[in-house]
Protein chains: 2
Amino acid sequence: MATVAFIGLGVMGYPMAGHLKTRGGHELRVYNRTAAKAEKWVGEFGGTACATPSDAATGADFVFTCVGNDDDLRQVTLGPDGALSGMKPGAILIDNTTASAEVARELEAAAKAKDLGFLDAPVSGGQAGAENGVLTVMVGGEETTFDRAKPVIEAYARMVGLMGPAGAGQLTKMINQICIAGLVQGLAEGIHFGRKAGLDIEKVVEVISKGAAGSWQMENRHKTMNAGKYDFGFAVDWMRKDLDIVLSEARRNGARLPVTALVDQFYADIQAMGGNRWDTSSLLARLEK
Amino acid sequence: MATVAFIGLGVMGYPMAGHLKTRGGHELRVYNRTAAKAEKWVGEFGGTACATPSDAATGADFVFTCVGNDDDLRQVTLGPDGALSGMKPGAILIDNTTASAEVARELEAAAKAKDLGFLDAPVSGGQAGAENGVLTVMVGGEETTFDRAKPVIEAYARMVGLMGPAGAGQLTKMINQICIAGLVQGLAEGIHFGRKAGLDIEKVVEVISKGAAGSWQMENRHKTMNAGKYDFGFAVDWMRKDLDIVLSEARRNGARLPVTALVDQFYADIQAMGGNRWDTSSLLARLEK
């Protein structure tokens, strides 16, 4: 049992912190920008609601962050009341935000200067994965740091993999989003074509889903797509944020991502349709508008 | 046990006809444009090599065709020495060619006029699926015809589904190819990005392949893609033929297929690189050229 701080009780962080308390059995100190959320969390799980990230991090062995983007992350870690100012030597900062590889390397350097450990640890599995504690966690950092943190992370994860040095977790998450972008658009075009052709989409998926066209998205999204249901899941706004990180990194490393860039623009079309909160699979709605 | 004609002993038809003989236990009459191939087949499996499609179809209860494209198909069925001229009333023509939905409807009409049954029955599963007799068969046609033919088709299939009226098998195969086009390009961009980022692709796939980015293509192609190995599998030339059928049909039914059309052009780039016979997964080679 350790003392664990959790900073950022959003749609992902709230249940993740819950698993650290209930499954992990740790002592939790939580912080959220909107304080009422932290109070609510403490009401549900116990632990201590703190006034600043620095307060939450004070005395903690492990400090988790799960916030919106690079800037939010810098603020809650490096800012005046940021976590780093409260952390004790030897403690480990674990960032679950989907952020840039750049900020991960920046945070590792800042952590090292204070004798702290750092891991970038973005997750996949969505809100349902967070609630059920079965997330996939893609980690970047040093192996000794990883070995110490892994048993703690496992409270909310089904799979925890060390992908390489700091930033490698973020880069792996980027690959995940790149693969999804092309895949979901292909699936959307397939279903769209099938509907135009008057086929029974359920029957089509039953026949083709075990073969070379098969995917998690086909299995898990064809029904909702065919029903035009998008009020759930991983929102278009979040996907665009992730693809912005992806395309910036590709500008640096020289990777060519023609379809990823095009699908990012398709998501911009969906935002213009008012679909900011629709699931990623709403690429079909765009084809059928 | 029935008398079965098989017309077109190519890379797919040769082993499929073999399964009709060995697993199905049928009497086989075979025809191939290059007669030596039919002689070879008869040397291996027995049965009768015939001089024309019409000869092969004479006396057969079921006539299978598996040729290159719409024009080849019209020639071996409707041409002067075509199968229809030899078939007996009540016999069933089963076409395994990946062809247009249009030619399927045309063949059904021609078959009906002669009191014959017709099924369009394109397959997926590739050369390995044909050799192992585990193809997926997507069938269009009438239910009574389907019910009679299904036990015969099962000699080379793992899954045989009736998708709707004549043409529905072809339309389902088109959806399969549409989904694959976007999916493989997304996967290629993901692997390409991962290599540029210096990640271990094996490790990345191990971590992300069970989640929302997962697919048959990721599981079965990432190793060969990462090794730059493309001298196997479903060739770029064949994929372009299929995508031509898809895009023509989309012109008719009004479906919007922006990524499918773009990926078709990427395959044209690969042909220009000399990759006509490379596997479909060679989209990665194009990104890395």
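## Helix packing and parallel strands in a predicted model

Let's start in chain B, where helix 4 (residues 70-78) of chain B packs against helix 5 (residues 101-113) of chain B at an angle of about 10°, with axes 11 Å apart. Here axes are lines fitted to C-alpha atoms, for helices over the stretch in contact, and angles run from 0 to 180 degrees between N-to-C directions. That angle makes helix 4 of chain B roughly parallel to helix 5 of chain B (angles under 35 degrees count as roughly parallel). Helix 4 of chain B contributes B:Asp70, B:Leu73, B:Arg74, B:Thr77 and B:Leu78 to the contact, and helix 5 of chain B contributes B:Val103, B:Glu106, B:Leu107 and B:Ala110; contact means heavy atoms within 4.5 Å. By class, this contact has 5 nonpolar, 1 polar and 3 charged residues.

A word on conventions: this is a predicted model, in which local features need pLDDT of at least 70 and side-chain atom pairs count only at pLDDT 80 or more, while totals for chains, interfaces and linings use all residues. Residues are numbered from 1 along each chain as its sequence is written, chains are lettered from A and ligands numbered from 1 in the order in which they are written, and side-chain values use heavy atoms, with hydrogens and water left out.

Now to the strands. Helices (H or I, at least four residues) and strands (E, at least two) are DSSP runs, numbered from the N terminus, and two strands pair if DSSP finds at least two bridges between them.

| Strand pair | Sense | Bridges |
|---|---|---|
| Strand 8 (residues 135-141) and strand 9 of chain B | parallel | 6 bridges |
| Strand 1 and strand 2 (residues 27-31) of chain A | parallel | 5 bridges |
| Strand 1 and strand 4 (residues 62-65) of chain A | parallel | 4 bridges |

In chain B, 6 of the 8 residues of strand 9 (residues 157-164) are buried, so this strand is largely enclosed by the rest of the structure. Buried means under 20% relative accessible area (1.4 Å probe, protein chains only). B:Met138 has B:Gly161 of strand 9 as its bridge partner. The chain gets from strand 8 of chain B to strand 9 of chain B by way of helix 7 (residues 143-153) of chain B, in a right-handed β-α-β crossover; with the strands pointing away from the viewer, right-handed means that the path from the first strand over the helix to the second runs clockwise.

In chain A, strand 1 (residues 3-7) is mostly covered, with 4 of its 5 residues buried. A:Ile7 is bridged to A:Tyr31 in strand 2 of chain A, and A:Ala5 to A:Val63 in strand 4 of chain A.

Methods: Buried means under 20% relative accessible area, exposed over 50%, partly exposed in between (1.4 Å probe, protein chains only). Angles under 35 degrees count as roughly parallel, over 145 as roughly antiparallel, 65 to 115 as roughly perpendicular and the rest as oblique. Ala, Val, Leu, Ile, Met, Phe, Trp, Tyr, Cys and Pro count as nonpolar, Asp, Glu, Lys and Arg as charged, and the others, Gly among them, as polar.
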